[in-house]
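Keep the model open while reading.

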Amino acid sequence: QHYCDRRSSAIDPMMAATTTRSDNSLGTLRVISLLSATTEICHRLGCHSVMVGRSHGCDDPSLALALPIVTAPKVDPNAPSADIDSQVRAQAASGGPVYRIHAETVAELKPTVIITQDHCRICAVTSDDVANACERLPNPQAAKVVTVSPTTFDDVLEDVRSVAAALGVQPRGDRLVRHMKERVEVVRREAVAERGEAPRPKIAHLEWVAPLMGSGYWIAECCAAAGCEMVLGTAGGNSPTLTGIEALASADVIVVAPCGFSIERTKAELDACGLASSPAFRELPAVRAGRCFVADGNKYWNRSSCGIVETCEMAAEMAWPELAGLWGHHGERWVRLSELDAFCSRPGAQPVTKPVVLAEADDPMVPAKAAPLGARRAEASAVEVVNAQLAALFSGDWDGAFALNSKPNCARLGDAAKFAGVVRSSASFSVLVDKGREVEVWECGSDVTVRARVEGRPETTFQFMMVREDGAWCTDGVRVEC
């Protein structure tokens, strides 16, 4: 009954929480998983019977959808990619949570174990969010909080063991890890046999399309197991924001699999942003060679679950023509770019949007945009213009910040989205979007140079090169002072 009612929003939380336990070895455990990866891991360990709640993003396996939802996003996951990115980054800069935990529902479910993560504030609820919710429980100490923080392939395997240990089924965890390793070793052997003495093909994984972002983490190791070398990302490293389409020119293989997006959703985003149809993209060597692919970035590639094995298999199927379809993923979990239209127009194609209930709007998601100088622009001093530009950056108002640049500087940067990419991808300039920093701005002898010192570790001083344009001060360039 729970399985057949799994998409209903009217499931009684306590009814779901009192499902008959079929595994007596699990005792009186009551588990809430707040990360899609750990929900899948719990099921792979045979522990669905003790699960009593999940996050809104936990969608695999299908039976998990029968569990009560205890979280809600503050950003609409069905919004355009660029909007999601700007809102989430603004929220991250402000220090507030990206998700809301329904503390009352958590209290009703009486969990003994809550599984969360501390790797990415954007991906799911964090341990700090959980700690705040646990304060609402009748006995805050009654629930054990298990926190995973994967960045590498081995971290994901260790997470399987950690979850198994927390649920009292360590032998099952060891067996599952052994099974995963054996499957990956098969992929490695097949790729080695195909490659022979040839160099490893260079593969780029796009984790996001607006702005363009590379990859890293465990995904680079999945690609390595498939006989490839990842470009635009490193094993265990964060996903870099790319400066433009030209950054993909070095890739022999391109995999478009944005985080949280099905193949159908990815097609909708590619259509909306015009990436796949742009001349610059179509002229990329990988695209011209027919080696651009679109894959399921929701359940695979970006999810730190047992599905990393399938990600290895998919990478090998895409990289080596003789292996295409060997593990049964082609046409189901990945397609060629040339096959994308046919795949998404097939009968039974997944809907582009996800059913989701957003968090209530009484806790604003995006900080208010910086007040524009408006009619005062012509009267504003260079220092006031720099202060206004910094305020716009801190509040996530990229359009407002971009508009305060000179025309030549705007031409060099391209547009507000590319401007955002430049700032975010720079270790030095990224501090300008950290709202929690204290900033001191002053003139340096004349209006043409304004310094801004951003406090913190390390302390950074920027030189804003100012010019007069159309009767108003503009930023013509910014340098980091050594």
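## The cavity

The structure, a predicted model, holds one cavity of 30 Å³ or more. About 40 Å³ of space lies in this largest cavity.

Which residues line the largest cavity? They are Ile32, Leu34, Ile101, Val106, Ile114, Val130, Ala133 and Cys134. The lining divides into eight nonpolar residues, no polar ones and no charged ones. Helix α5 (residues 127-134) supplies the largest share of the lining, with three residues.

Strand β12 spans residues 292-295. Cys292 and Val294 point one way from β12. Phe293 and Ala295 point the other way. In a regular strand, side chains alternate between the two faces of the sheet.

Are these four side chains of β12 on buried or exposed residues? Cys292, Phe293, Val294 and Ala295 are all buried.

## Strand β12: its partners

β12 pairs with strand β11 (residues 253-256). The two run parallel, and three bridges join them. Within this pairing, Ile254 has Cys292 of β12 as its bridge partner.

β12 also pairs with strand β13 (residues 334-336). Here the sense is antiparallel, again over three bridges. Ala295 stands opposite Trp334 in β13.

Two residues tie the pairings to the faces. Cys292, the bridge partner of Ile254, points the way Val294 does. Ala295, opposite Trp334, points the way Phe293 does.

Key. Residues are numbered from 1 along each chain as its sequence is written. This is a predicted model: local features need pLDDT of at least 70, side-chain atom pairs count only at pLDDT 80 or more; totals for chains, interfaces and linings use all residues. Side-chain values use heavy atoms; hydrogens and water are left out. On a 1 Å grid over the protein atoms alone, a cavity is a set of points where a 1.4 Å probe fits but cannot get out, and a pocket is an open set with protein on both sides within 12 Å along at least five of seven lines; lining residues have an atom within 4 Å of a point. Grid points are joined across faces, edges and corners, and a volume is the space filled by probe spheres set on the points. Ala, Val, Leu, Ile, Met, Phe, Trp, Tyr, Cys and Pro count as nonpolar, Asp, Glu, Lys and Arg as charged, and the others, Gly among them, as polar. Buried means under 20% relative accessible area, exposed over 50%, partly exposed in between (1.4 Å probe, protein chains only). Two strands pair if DSSP finds at least two bridges between them.
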